[in-house]
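Subject: Structure handover

Hello,

Please find the sequence and the structure below. My notes on the ligand site and on one helix pair follow.

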Amino acid sequence: MALLDDLGDDAKVLAGGQSLVPMMNFRLTSPAHLVDIGGIAELRGVRTGGDGLTIGAMTTHRDVERSAVVADTLPVLAEAVRWVAHPPIRARGTLGGSIAHADPAAELPALALLLGATVSAAGPAGPRTIPSSAFFEGFLTTSLGPGEVVTDVRFPHLPEGAGWGFVEVARRHGDFAMVGAGAVVSRRADTVAELRLVVFGVGGTPLRFTEVEEAAAGEPGTDATWRALAARAVAGLDPPSDLHGTAAYRRHVAGVLLEQVMGRAYEDARP
Ligand code: FAD
């Protein structure tokens, strides 16, 4: 941290290099110094305890994907990480790198937002924790300050009995998502007790839908409910158009995916 502080704006942290090095190849960024945090063992690993999982920033996507603890206690994270890139990239790319890079089409920032994860950072002013809802500020932009490094991310467990769904559409498996969506649902008998929703790839950051989530409480767990809630969620979306798809296409796909993940999460939940 002190080294980063000394080097100032001209230095960048190098984690797995799977986003930073391609950006340097394209001359989209040209830092004068790279500070490699790959040798810091304390930043690696999955720890359980309290109400969730704490995953070190330098834990690779592959380690998350293969972790028995993650598979047992937070299978939605194991599922989400399988959508990240291809095996060689997952072997080097890191959880902390993905969170700090904050690509709006990336899976792990979206999952962090869906689950209400907390990002721990250390910097010149000492350590602090940042709720994911305050961490992602815009396209490749976070609330990390100069010289701050993500040290770990804490993912709370799902509520008892809650179910989940996570899916995305990409041109090829392993490409960044054109659009993706996730849901967590708790049931009370045949109705929704609590709903959380996220979409990604449709704006500068992943997005939650607080009003729609609140409106879902007490609704019956039926296809008509998912359709109505998804329609309400996408009505306010203003996705970008690019060579992969138009704004209208992305909005349509977001609605379809939201319906799917709500249905899956509801079926997965224990009443
Ligand atoms: P790096 O590339 O080392 O760093 C990325 C940025 O984050 C840099 O600005 C760096 O300074 C900063 N940074 C890194 N770690 C920290 C830290 N601990 N604290 C503060 N700042 C930090 N990602 C997806 O999510 N989904 C995909 O589908 C996907 N597909 C890909 C396909 C290809 C072909 C490639 C090359 C990459 C793809 N990625 C995808 C990106 C991949 O997941 C990266 O691993 C990830 O985005 C960045 O992690 P990294 O460890 O490689 O970080």
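**Ligand site**

Helix α7 gives the largest share of the shell around the ligand, 4 residues. This is a predicted model, in which local features need pLDDT of at least 70 and side-chain atom pairs count only at pLDDT 80 or more, while totals for chains, interfaces and linings use all residues. Residues are numbered from 1 along each chain as its sequence is written, and side-chain values use heavy atoms, with hydrogens and water left out.

At least two shell residues each come from β1 (11-14), α7 (95-101) and β9 (149-156); helices (H or I, at least four residues) and strands (E, at least two) are DSSP runs, numbered from the N terminus.

There are 31 residues around the ligand, and V13, G17, Q18, L20 and T94 come nearest (a residue is near if one of its heavy atoms lies within 4 Å). The shell divides into 16 nonpolar, 11 polar and 4 charged residues (Ala, Val, Leu, Ile, Met, Phe, Trp, Tyr, Cys and Pro count as nonpolar, Asp, Glu, Lys and Arg as charged, the others, Gly among them, as polar).

For V13, a backbone N or O atom lies 2.6 Å from a ligand oxygen atom. For T94, an N or O atom of the side chain is 2.6 Å from an oxygen atom of the ligand.

**Helix pair**

Helices α5 (residues 75-82) and α8 (residues 107-115) pack at about 160°, their axes 9 Å apart (axes are lines fitted to C-alpha atoms over the stretch in contact; angles run from 0 to 180 degrees between N-to-C directions). The two are therefore roughly antiparallel (angles over 145 degrees).

Regards

How values were computed: Polar contact = N/O pair within 3.5 Å; in protein donor to acceptor, adjacent residues only side chain to side chain. Parallel < 35°, antiparallel > 145°, perpendicular 65-115°, else oblique.
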